[in-house]
Amino acid sequence: MSHGPRSGLAAVSSALLAMSRHLEVRDVLKTIVASARELLDAQYAALGVPDDHGGFAQFVVDGVSEEQWKAIGPLPRQHGILAAMLHEARAERLADVRKDPRFEGWPKAHPDLVDFLGLPIRDGDEVIGALFLANKNCPKADGSCGFTADDEELLGILAQHAAIALTNARLYERSRELTIAEERSRLAHELHDAVSQKLFSLRLTAQAAARLVDRDPSRAKGELQQVAALAAEAADELRAAVVELRPAALDEDGLVATLRTQIQVLDRAHSARVTFAGHGVKALPASQEEAVLRVAQEALHNALRHSGADHVDVTLERRGGGAVLRVTDDGGGFDPSVVRRAGRHLGLVSMRDRASGAGGTLSVESAPGKGTVIEMEVPGG
């Protein structure tokens, strides 16, 4: 191997470990590209995931600055050597890509590529991506330097494991989409049940007030006050459900801002005081941020709808490279040892599953009449 057997094996091991640490497709793609460029000591590396329309659904590069990437322009199409790699599913190792008859040029701002090594990433018979490198970092004065057969073999090993990592990441994202769909279905049923009950009571109370308005105005006034109270409760249910159904803006706003916004809305929608404080939390892996958000939403749901709390405090603070979420309420509490009843009713099982799925832990402290503290810790990236 071009780096020597020992260093090459260590580099491959490091690259495979790096790929296995990520679950998001975009993170996996970035790790594959960076690992390939470092492993083969190339100036540039890229990975394209093809779509069904002659282009690329995703395209990740390493070795090109953000400014250069913007100047290059639109993503490449499936043509020339890229098309050959995707459609013929074979490796391409060239001393000078510009002299290949299939070469069709590149945009003005594109870096100048010379020696080239490309491999398809395959999942069985399906080509799910193309991984390629250019401009090996070595002297080229005599024209003899470039990617070797050992480099091709090494990249082939990486490509095989890249296929596994990419497939696993896709399965994870699909699983997460199904989980979100299930949550939305649950919320829709919950919304229907809660609001339907309130509206039914509201209608009956309004009818009673209408019958009493002539013969007993005092009682009619009491019934109308009840109508107002029921209407306010129905509005609270609707607002809370809308907050939970609305997609969280994690990608755009980050975890702290998303939590703060949702908690501000809940504070306005409920009679209980709901507060939030975030302290020094850095960005976490996407899977951990989503898990923290969902556990916070479930814990808030419990506190605001079941505990009878007057105050609910949410904190998110840094701990090592990760973070700790804490949701504290002064409500009625419960006995955590009664796992079956409390776990099913308060969603503790799903919260624990979310925490462990993100590599974290969840603890619950509660007692009848003593309120509840739910704490979740995630390790970070």
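This is a predicted model: local features need pLDDT of at least 70, side-chain atom pairs count only at pLDDT 80 or more; totals for chains, interfaces and linings use all residues.
## Salt bridges

The partner of R98 is D112, and the closest N and O atoms of this salt bridge are 3.0 Å apart. Both residues belong to the loop between β3 and β4, where they stand 14 residues apart. D112 has a relative accessible area of 42%, so this residue is partly exposed as well. In general, side chains of opposite charge can pair when their charged atoms come close. The structure holds 13 salt bridges.

Another salt bridge joins the side chains of D267 and R273, with 2.7 Å from N to O. R273 is partly exposed, its relative accessible area being 43%. The side chains of R319 and E377 also form a salt bridge, with 3.1 Å from N to O. Because R319 lies in strand β7 and E377 in strand β10, this pair ties together parts that are 58 residues apart in sequence. R319 counts as partly exposed at 36% relative accessibility, and E377 is partly exposed with a relative accessible area of 27%. Through shared partners, salt bridges join E88, R90, E92, D100 and R102 into one network.

## An enclosed helix

Helix α4 covers residues 80-88, and seven of its nine residues are buried, so the helix is largely enclosed by the rest of the structure. Its buried residues are G80, I81, L82, A83, A84, M85 and L86. Among the elements that cover them are the strands β1 (42-50), β2 (56-62), β3 (92-94), β4 (116-123) and β5 (126-136). Just after α4, A89 has a positive phi of about 50 degrees.

## Aromatic residues

A pair of aromatic rings is described by the distance of the centres and the angle of the planes. The structure contains five aromatic pairs. In one of them, the rings of F56 and F59 have centres 5.3 Å apart and planes at 70 degrees, so this pair is edge-to-face. The cut-off for that class is an angle over 60 degrees. F56 is buried at 8% relative accessibility, and F59 is buried at 9%.

F59 also pairs with F132: the ring centres are 6.1 Å apart and the planes meet at 50 degrees, so this pair is tilted. It links distant parts of the chain, since F59 is in strand β2 and F132 is in strand β5, 73 residues apart. F132 counts as buried at 12% relative accessibility. One aromatic cluster is formed by F56, F59, W69, F116 and F132.

In soluble globular proteins, nonpolar side chains tend to be buried together. The largest nonpolar core here has 34 residues, and those with the most contacts inside it are L259, V312, L316, L325, L362 and M376. Elements that give two or more residues to this core include α7 (250-269), α8 (286-305) and α10 (348-357), as well as the strands β6 (273-279) and β7 (311-319). The largest share, nine residues, comes from α8. V312 touches several residues beyond its sequence neighbours, including R273, V274, L300, L304 and V327. Apart from this core lies another, of 29 residues, among them V49, L117, L119 and A165.

Elsewhere, L166 lies in helix α5 (residues 149-212). L166 is buried, with a relative accessible area of 0%. Leaving out residues up to four places away in sequence, L166 touches V25, V28, L29 and I128. L166 and I128 are 38 residues apart in sequence, while their C-alpha atoms are 8.7 Å apart in space.

## A five-stranded sheet

Five strands form an open sheet in the order β6-β7-β8-β10-β9, with mixed pairing. β6 and β9 stand at the edges with a single partner strand each, so one side of each has no neighbour in the sheet. On average, neighbouring strands are turned by 10 degrees against each other, direction ignored. β8 and β10 run antiparallel and are joined by seven bridges. V327 stands opposite I374 in β10.

Two helices may be described against this sheet. α8 packs on the sheet and touches β6, β7, β8, β9 and β10; its direction makes about 175 degrees with that of β10. α10 also packs on the sheet, touching β9 and β10, and its direction makes about 145 degrees with that of β9.

Methods. Residues are numbered from 1 along each chain as its sequence is written. Side-chain values use heavy atoms; hydrogens and water are left out. Buried means under 20% relative accessible area, exposed over 50%, partly exposed in between (1.4 Å probe, protein chains only). Helices (H or I, at least four residues) and strands (E, at least two) are DSSP runs, numbered from the N terminus. Contact means heavy atoms within 4.5 Å. Rings of Phe, Tyr and Trp (its six-membered ring) pair if their centres lie within 6.5 Å; planes under 30 degrees apart count as stacked, over 60 as edge-to-face and the rest as tilted. A nonpolar core is a set of buried Ala, Val, Leu, Ile, Met, Phe, Trp, Tyr and Cys residues joined through side-chain atoms within 4.5 Å. Two strands pair if DSSP finds at least two bridges between them. Axes are lines fitted to C-alpha atoms, for helices over the stretch in contact, and angles run from 0 to 180 degrees between N-to-C directions. A salt bridge is a side-chain nitrogen of Lys or Arg within 4 Å of a carboxyl oxygen of Asp or Glu.
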